[in-house]
Amino acid sequence: MKYCGQCGGSTEKRVPAGDSRERDVCIDCGEIHYSNPKIIAGCIPYYGDRVLLCKRAIEPRHGYWTLPAGFMENQETTQEGAIRETWEEALAKVKIDHLYRVFNVPQISQVYMLFKAELTALDFGPGEESLEVKLFTEEEIPWDDLAFHTVHKTLKAYFEDAKTGEFNFAIEDLIHGERPAQIPY
């Protein structure tokens, strides 16, 4: 950050009084600018024994399959963000069951929140950020063409849980080096 969003003055990195971390601080007005993790909200849209995936039309990972998810917007809940992202990417309407997976990815300052959500209708299609949208059974999932490690881990857990019918919430920390090098988080 070069300029203060409050007054337009120049900023510098320093540890403000009463803090323990370096922050961007305005030289002119003293405003402290905090940089916080981004929250990614999304769904595991299911219908019977199938899950809806989107083939990405944007970078990163253009042409790879993913669950509908994206950065939250201001003034929305995590559930609203997950429902919005599912509509934007798959033109799909869902009913949220419950929070299913949270992934903390500290090295890229992101938190993923994925909700188990039932498709309320089968009229879906690619939104602006998707090339294709399709329902997959476990056997049909394009495992080698999944966009992100978080998606791979979520789908593996989902289909394992489907065998027992118990879809319990879990939280996991993804630490650098605990994923295949060619697959981003």
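Where is threonine 137 found? I looked, and threonine 137 sits in the loop between β10 and α2; helices (H or I, at least four residues) and strands (E, at least two) are DSSP runs, numbered from the N terminus.

A note on the basis: this is a predicted model, where local features need pLDDT of at least 70, side-chain atom pairs count only at pLDDT 80 or more, and totals for chains, interfaces and linings use all residues. Residues are numbered from 1 along each chain as its sequence is written, and side-chain values use heavy atoms, with hydrogens and water left out.

Threonine 137 has a relative accessible area of 13%, so I logged it as buried (under 20% relative accessible area, 1.4 Å probe, protein chains only). Leaving aside neighbours within four places in sequence, I found threonine 137 in contact (heavy atoms within 4.5 Å) with Asp49, Arg50 and Phe159.

Last, helix α1, residues 78–90. I checked its length: at 1.5 Å times one less than its number of residues, its 13 residues should span 18 Å, and the end C-alpha atoms are 18 Å apart, which agrees. Its buried residues, among them Gly81, Ala82 and Glu85, pack against β4, β5, β7, β8, β9 and β10. Leucine 91 follows α1, with a positive phi near 50°.

Methods:
Buried < 20%, exposed > 50% of the residue type's maximum accessible area, 1.4 Å probe, protein only.
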